[in-house]
Amino acid sequence: MDFAEITTDSIDLAVVARRVIPPDCGATVTLDGYARKYTEDKKTGSTRETEFLVYEAYETMAIREMEKLIGNAKEQFPISHVGIVHRIGKLEIGETSVVISVAAPHRKAAFTACEWLIRELKRTVPIWKKEVYSNGEMWAEGEDEKNGQASPALRV
Amino acid sequence: MSDINHMWVDVAFFGAVADAAGSREIVVEVPDTSTVTDVLSRLSPQLQKYRGKKLLHAVNEEYVDENAPLHDGDKLAVFAPVSGG
């Protein structure tokens with residue numbers, strides 16, 4: 001089965017991965033995205049040390065956009081099922097923020113689709129990340145599409 | 001002679017834009033020919049610093065550009081480029 005969900009609870013990676021498995025598949029690729037402690041500021045070359053993250057979503061639209069991505073991925077790639085779960089609220093360093101599981105008859109399509117899905121999710125799904133430091137906080141401002149690196153954050 | 005017809009639009013802010021606006025949701029009364037741009041131009045001075053910066057807009061949970069027309073009861077969402085994942 002396919003699913004797109006938003007939760008404030010911690011995400012159990014293995015449970016998400018197992019939910020997508022149909023009998024015609026031979027491999028599931030699962031992305032575990034989690035909160036990073038160190039982020040390099042491309043402008044200054046300095047490194048920011050994050051204490052924790054806060055994610056916010058436009059929940060109903062985010063689920064619709066994730067469901068669109070799933071439909072689009074299934075049209076483009078020979079895959080069987082996709083599950084996406086994104087966590088919002090406060091996340092400690094190392095905690096899982098997003099899981100994308102793609103089940104396919106053969107692994108290659110699952111890897112390709114999973115990479116496409118996370119790239120598009122970061123571009124289109126209305127969810128925002130705030131990095132909180134010991135001396136302030138900053139909303140991340142999305143990704144530079146050219147190199148996949150975070151673009152300069154907005155100071156608030 | 002008739003008055004200009006007005007309509008009501010819900011405007012929702014998220015993330016950095018909500019912080020700048022100082023609210024998460026407001027209701028505005030605008031002429032019924034208004035577009036997304038028309039509504040944005042009426043918003044609070046704090047939000048004006050985002051004019052010219054990239055902002056994304058959705059009407060009733062679908063992305064639209066800033067020339068999109070609005071209708072009575074629409075929900076307009078205004079936010080900075082997304083940063084989930």
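**Exercise 1. In which strand of chain A does Glu56(A) lie, and is Glu56(A) buried or exposed?**

Keep in mind that this is a predicted model.

Step 1: Find the residue along chain A. Glu56(A) sits in strand 5 of chain A, which covers residues 52-57.

Step 2: Check the accessibility. Glu56(A) has a relative accessibility of 14%, and the cut-off for buried is under 20%, so Glu56(A) counts as buried.

Step 3: Look at who surrounds Glu56(A). Leaving out residues up to four places away in sequence, Glu56(A) touches Ile88(A), Pro126(A), Ile127(A), Trp128(A) and Trp139(A), plus Phe14(B), Gly15(B) and Arg24(B) from the other chain.

**Exercise 2. Work out how strand 9 of chain A is paired and covered.**

Step 1: Start with strand 5 of chain A. Strand 5 and strand 9 of chain A run antiparallel and are joined by six bridges. Across from Tyr55(A) you'll find Lys129(A) of strand 9.

Step 2: Now go to strand 10 of chain A, residues 136-139. This strand is also antiparallel to strand 9, with four bridges between them. Val132(A), for instance, has Glu137(A) of strand 10 as its bridge partner. A hairpin of two residues links strands 9 and 10 of chain A.

Step 3: Check the burial. Strand 9 spans residues 127-133, and seven of its seven residues are buried. On one side you have Ile127(A), Lys129(A), Glu131(A) and Tyr133(A); on the other, Trp128(A), Lys130(A) and Val132(A). Both faces are covered.

**Exercise 3. Describe how chain B meets chain A, then zoom in on Glu56(A).**

Step 1: Count the residues. In chain B, 21 residues are in contact with 30 residues of chain A.

Step 2: Look at the area. The size of an interface is often given as the accessible area lost when the parts come together. Here chains B and A bury about 2,100 Å² between them, with 53% of it on carbon and sulfur atoms.

Step 3: Tally the polar links. There are 16 residue pairs in polar contact between the chains, counting pairs with both residues at pLDDT 80 or more. On the chain B side, helix 1 (15-21), strand 4 (62-64) and strand 5 (75-79) each give two or more residues. By class, that side has 10 nonpolar, five polar and six charged residues.

Step 4: Zoom in. The interface has four salt bridges. One of them pairs Arg24(B) with Glu56(A), and their closest N and O atoms are 2.3 Å apart. The side chain of Glu56(A) also has a polar atom 2.9 Å from the backbone nitrogen of Gly15(B).

How values were computed: Residues are numbered from 1 along each chain as its sequence is written. Chains are lettered from A and ligands numbered from 1 in the order in which they are written. This is a predicted model: local features need pLDDT of at least 70, side-chain atom pairs count only at pLDDT 80 or more; totals for chains, interfaces and linings use all residues. Side-chain values use heavy atoms; hydrogens and water are left out. Contact means heavy atoms within 4.5 Å. Buried area is the accessible area (1.4 Å probe) that two parts lose on being put together, summed over both. A salt bridge is a side-chain nitrogen of Lys or Arg within 4 Å of a carboxyl oxygen of Asp or Glu. A polar contact is a pair of N or O atoms within 3.5 Å; within protein, one must be able to donate a hydrogen and the other to accept it, and residues adjacent in sequence count only if both atoms are side-chain atoms. Ala, Val, Leu, Ile, Met, Phe, Trp, Tyr, Cys and Pro count as nonpolar, Asp, Glu, Lys and Arg as charged, and the others, Gly among them, as polar. Buried means under 20% relative accessible area, exposed over 50%, partly exposed in between (1.4 Å probe, protein chains only). Two strands pair if DSSP finds at least two bridges between them.
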